[in-house]
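Subject: Structure handover, with notes on one strand and the salt bridges

Dear colleague,

I am passing on the structure we spoke of, and my notes follow directly after it. Please read them with the coordinates open beside you.

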Amino acid sequence: MNRDLTEIIENVADSLGHGMVFLSEDKKICDCSQKAKEIMGMILPLGRKHRSGKLEEGDIIVIADNEIGDDDMLAPDDLAYINICDKNIKIGDAVLAIGVYKNKKIQPVYKFFDKYSSEKKVSLTQIYMGFNISISIDYSQNRIAAEVNGTEYSMNFLESVGYMIAIDGGSGEIKFFQTNGYGFRGEEIGNLLRGKDFAAKGQSESTQNLSIVGEDFEKVFQGKEFIAAVKNIFEGMDKDCTSGIFQIYKRIMYCHIIRIKKGKQSDGVCILIQDNDLMSNYLSSGNALANEVEKRKKRKDGNLTSLNEKNFEHFIGSDPEMDVVKQLAYKASKTKFNVIITGESGTGKSRLAREIHDMYNPKAPFVEVICNAIAPTLFESELFGYAQGAFTGAASGGRAGYFEEANGGTIFLDEIGEIPPEIQVKLLHVLQNKKIYRVGSTKPINVDVRVITATNKNLEDEVSKGNFRRDLYYRINVFPIRIPALRERKRDIYVLANSILENLCSRYNMEQKQFSGEALEIMFGYDWPGNVRELENIIERAVTLCDGKLIYQEHLTLGNKSNLCLSLKDRIEQEELRIIKETLYRNNYDKKKTMEELGMSKTAFYEKFKKIK
């Protein structure tokens with residue numbers, strides 16, 4: 001490639017905080033900027049230094065690892081190299097350790113923690129073999145630090161990092177310390193403990209700058225998805241440009257991959273690379289890497305580790321406001337208090353209700369009632385059941401209502417603001433006395449049911465207008481949880497969109513697709529009045545329209561191209577179809593039961609059913 005042009009591109013990339021790598025048509029590296037080498041750890045910062053070498057018997061080893069086995073090539077058994085033979089330490093644990101290499105006589109000092117520990121910061125301080133040593137893992141700052149006789153060494157991390165310092169057993173000098181790019185150099189803790197050499201640091205640039213020009217890019221870069229993306233661009237399987245988040249040498253990086261094909265000697269692929277450190281000033285932006293950083297940071301955040309994120313597998317969100325929602329939901333799950341979930345339509349109220357139930361007792365019944373889908377005349381019999389002969393057409397032997405079906409578990413009353421006033425009185429009685437009466441019967445039935453309600457209405461306003469009973473409002477409003485609208489937590493869009501996309505592709509047995517940079521920008525710039533439900537619908541349509549691997553702007557039907565511009569009649573019809581579809585699913589596609597529940601005639605039901613199919 002023309003050197004002047006290369007320098008121009010490199011200067012522009014540097015000013016934007018990107019490193020640049022250029023590949024020729026034969027997929028060999030023909031240029032790599034200084035910034036790219038720094039990002040990937042090919043060039044180490046000048047200053048503190050040590051010679052090249054390897055660990056030797058008698059060296060003092062200091063280890064701080066926030067997740068054994070993830071980023072360190074380290075297995076718990078490898079800790080035996082410093083005389084730690086604790087079978088309680090397992091993959092995924094965090095460990096702080098000081099010991100002597102290959103010496104069975106000198107006892108180590110160590111601490112280890114479960115990866116779901118709620119601690120914000122863990123540390124170990126010890127005078128060991130005459131050295132004053134302090135090591136710590138700070139989860140709130142995403143920082144690992146080690147101090148030896150007043151000199152501090154540290155490294156920031158995104159998800160996980162294995163950090164090590166080695167003190168020469170003979171001279172007492174620091175003979176090794178970890179820095180960024182250790183994956184590129186193969187200097188993970190496990191490798192070094194097993195005898196691998198380590199490179200020198202802090203020397204002149206010429207001695208540490210590995211020559212990569214002329215090398216095949218696959219030999220230099222590690223990262224399956226990244227390599228595949230570059231190949232796709234070369235082979236014309238994607239457009240001339242793609243961008244996304246990739247792991248390169250186990251570090252998260254945001255890459256723009258650009259195809260240059262003009263029939264000239266300068267043809268090839270230009271790769272612009274940005275890492276987390278260079279993005280630290282942009283976490284408040286809608287940039288995809290910033291959102292990925294936030295998502296991954298929350299996994300390690302002590303605020304939620306005690307909850308175990310698996311409890312919220314179907315209720316995704318890493319925004320601070322969503323952390324509050326999850327904390328409240330977790331606390332609610334530990335009691336049987338009545339819970340009311342508020343928020344706009346489509347924010348995920350029913351999903352959160354299910355998560356609360358599952359955290360309390362997943363084996364107990366969970367009955368969901370969509371209140372605005374029940375005909376007013378059927379409310380009482382649907383909620384409380386009816387006795388034999390209660391009315392013309394009543395089933396012989398009577399029928400249990402939703403409260404009886406939920407006995408011992410949870411009943412979720414969605415859109416409770418739609419319950420008629422005469423039923424509100426009876427619901428209040430049930431909540432107060434834990435008894436129900438079937439329609440046509442005077443025999444009370446005891447029920448042990450936790451009630452979770454949800455609404456997108458302002459019930460306080462409904463109370464003041466006389467549409468909702470004040471005493472019932474106070475009874476259900478024991479433990480309120482508000483789910484913020486998607487526009488209030490836009491940093492969650494990246495996480496949600498990718499989770500939805502992955503699930504859709506798996507559901508339809510399709511090859512996994514990705515969002516292009518332009519598609520993500522469009523989604524971040526949109527207000528999402530339909531919230532998560534609208535996001536799901538838009539992505540499902542995009543998956544249907546997209547024939548390739550990348551979803552572009554034209555596949556997203558937002559704004560005036562979306563169903564937001566449908567007439568009121570069409571919107572009502574869509575909502576009707578959604579309710580019928582949900583009721584069918586809940587009734588295991590029993591059409592007769594669905595018709596009865598919704599109070600629909602056979603003709604009206606099948607007319608709608610054809611449109612669902």
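A residue is called buried when its relative accessible area is under 20% and exposed when it is over 50%, with partly exposed covering the range in between. Please also keep in mind throughout that this is a predicted model.

With those cut-offs, Glu-344 counts as partly exposed, because its relative accessible area is 29%. Its salt-bridge partner is Arg-487, and the closest N and O atoms of the two are 2.3 Å apart. Glu-344 sits in the loop between β15 (339-342) and α11 (349-360), whereas Arg-487 belongs to the loop between β21 (479-482) and α17 (492-507), so the contact ties together parts that are 143 residues apart in sequence. Arg-487 is likewise partly exposed, at a relative accessible area of 35%.

A second pair, Glu-404 and Arg-438, also forms a salt bridge, with 2.8 Å between the closest N and O atoms. This pair too links distant parts of the chain, since Glu-404 lies in helix α13 (residues 402-405) and Arg-438 in the loop between β18 (435-437) and β19 (444-446), which places them 34 residues apart. Both Glu-404 and Arg-438 are buried.

Arg-143 and Glu-152 provide a further salt bridge, at 2.7 Å from N to O. Here Arg-143 is partly exposed, with a relative accessible area of 30%, and Glu-152 is partly exposed as well, at 35%. Elsewhere, Glu-56, Asp-59 and Lys-175 are joined in a network of salt bridges. The count for the structure comes to 23 salt bridges.

Turning to the strands, I looked at the surroundings of β1. Five of the six residues of β1 (residues 19-24) are buried, so this strand is largely enclosed by the rest of the structure. On one hand, β1 pairs with strand β14 (residues 268-275) in the antiparallel sense over six bridges, and within that pairing Met-20 has Leu-272 of β14 as its bridge partner. On the other hand, β1 is joined by three bridges to strand β2 (residues 29-32), again in an antiparallel arrangement, with Leu-23 standing opposite Ile-29 in β2. Four residues separate β1 and β2, which together form a hairpin, and Lys-27 in the turn has a positive phi of about 65°.

With kind regards

Technical notes: Residues are numbered from 1 along each chain as its sequence is written. This is a predicted model: local features need pLDDT of at least 70, side-chain atom pairs count only at pLDDT 80 or more; totals for chains, interfaces and linings use all residues. Side-chain values use heavy atoms; hydrogens and water are left out. Buried means under 20% relative accessible area, exposed over 50%, partly exposed in between (1.4 Å probe, protein chains only). Helices (H or I, at least four residues) and strands (E, at least two) are DSSP runs, numbered from the N terminus. Two strands pair if DSSP finds at least two bridges between them. A salt bridge is a side-chain nitrogen of Lys or Arg within 4 Å of a carboxyl oxygen of Asp or Glu.
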